[in-house]
Amino acid sequence: TLSGGSARYGGGVHCVSSTLDIEDVTFTRNTASSGGALALRSSCQATLTDVDFEDNQSGSDGGAIYVYSSTLDWSGGSAVFNHADSRGGAIAASSATVTLSNLVFADNDASTSGGVLYQYNGTVDSDFLTLVDNTGSYGAIYQVSGSGSTADTRSLPACFAASSLSSASRAATLTGVRGSKRATPAESVTLGLSPEKDLKSSRSLAASASASRHGATIITSSP
């Protein structure tokens with residue numbers, strides 16, 4: 001666990017022009033001007049596996065992660081209760097390549113664009129994401145100029161903001177994004193939820209996802 005760090009870039013870790021591999025680590029209560037927990041800059045190539053971000057805060061962009069002119073490949077984990085004073089409640093990326101898979105994003109917020117992800121002039125590809133009650137202008141995913149695809153992504157369940165999956169893309173392509181809907185019984189079992197009750201805690205959702213790691217899909221869905 002990396003906790004309580006503070007810096008201009010990346011309160012927990014700051015990677016510049018190097019290769020970074022992080023596995024089975026939790027970043028919590030870190031603060032920075034950009035990238036509350038983690039900052040990747042100037043051709044950093046980062047691979048995150050089963051990594052969680054909780055209660056991190058940025059005074060500008062990227063409540064949990066800030067990516068500039070770098071590559072982020074993140075598979076397995078969660079981002080909950082992260083905050084950015086500007087853009088990207090969980091992740092802010094510029095001129096970057098971002099790949100996301102098997103992740104839970106819950107209760108992240110940005111004061112301006114992208115409650116979960118803000119991406120400018122880069123590429124973002126993602127699948128098997130769960131987006132729950134994230135808050136930001138233009139919804140959870142906001143992409144300006146660039147390309148990418150989003151598949152098997154859904155917000156759960158009805159008590160959460162329908163805007164969680166709104167996407168405003170300018171000169172960008174985001175495909176396969178489904179609207180907000182209540183989880184089916186099969187999906188609820190996968191996530192350890194009751195289909196008849198509202199989810200009481202984003203942390204419990206993240207814990208369910210954590211227990212489903214290492215090859216298991218977080219969410220099942222039909223076209």
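The following dialogue discusses how to read several features of a predicted model.

Colleague: How confident is the predictor in this chain, and what is the mean pLDDT?

Modeller: The mean pLDDT of the chain is 74, and 65% of its residues reach 70 or more. Over residues 149-201, however, the pLDDT is below 50. That stretch still has 132 contacts in the model beyond near neighbours in sequence. Residues 210-223 also stay under 50 in pLDDT, with 36 contacts beyond four places in sequence.

Colleague: Which strands pair with strand 11?

Modeller: Strand 8 (residues 45-54) pairs with strand 11 in the parallel sense, over 9 bridges. Within this pairing, Thr-49 stands opposite Ser-75. Strand 14 (residues 97-106) also pairs with strand 11 in the parallel sense, again over 9 bridges. There, Thr-71 has Thr-97 as its bridge partner.

Colleague: What does strand 15 pair with?

Modeller: Strand 15 (residues 109-113) runs parallel to strand 12 (residues 83-84), and 2 bridges join them. Ala-84 stands opposite Ala-110 here. Strand 15 also pairs with strand 17 (residues 135-137) in the parallel sense over 2 bridges, and Asp-109 has Thr-135 as its bridge partner.

Colleague: How many residues does the largest nonpolar core have, and which have the most contacts inside it?

Modeller: The largest nonpolar core has 35 residues, and those with the most contacts inside it are Phe-53, Ile-65, Trp-74 and Phe-105. Leaving aside residues up to four places away in sequence, Ile-65 touches several residues, including Leu-48, Phe-53, Leu-72, Trp-74 and Ile-91.

Colleague: How many disulfides are found, and where?

Modeller: A search of the whole structure finds 1 disulfide. It is formed by Cys-15 and Cys-44, whose sulfur atoms are 2.0 Å apart. The pair links distant parts of the chain, 29 residues apart: Cys-15 lies in strand 3 (residues 13-16), and Cys-44 lies in the loop between strand 7 (38-41) and strand 8.

Colleague: Why is this disulfide called right-handed?

Modeller: The torsion about the S-S bond of Cys-15 and Cys-44 is about 100°, so the disulfide is right-handed.

Colleague: Are these cysteines buried or exposed?

Modeller: Cys-15 counts as buried because its relative accessibility is 4%. Cys-44 is buried as well, with a relative accessible area of 0%.

Technical notes. Residues are numbered from 1 along each chain as its sequence is written. This is a predicted model: local features need pLDDT of at least 70, side-chain atom pairs count only at pLDDT 80 or more; totals for chains, interfaces and linings use all residues. Side-chain values use heavy atoms; hydrogens and water are left out. pLDDT is the predictor's confidence in each residue, from 0 to 100. Contact means heavy atoms within 4.5 Å. Two strands pair if DSSP finds at least two bridges between them. Helices (H or I, at least four residues) and strands (E, at least two) are DSSP runs, numbered from the N terminus. A nonpolar core is a set of buried Ala, Val, Leu, Ile, Met, Phe, Trp, Tyr and Cys residues joined through side-chain atoms within 4.5 Å. Buried means under 20% relative accessible area, exposed over 50%, partly exposed in between (1.4 Å probe, protein chains only). A disulfide is a pair of cysteine sulfur atoms within 2.5 Å.
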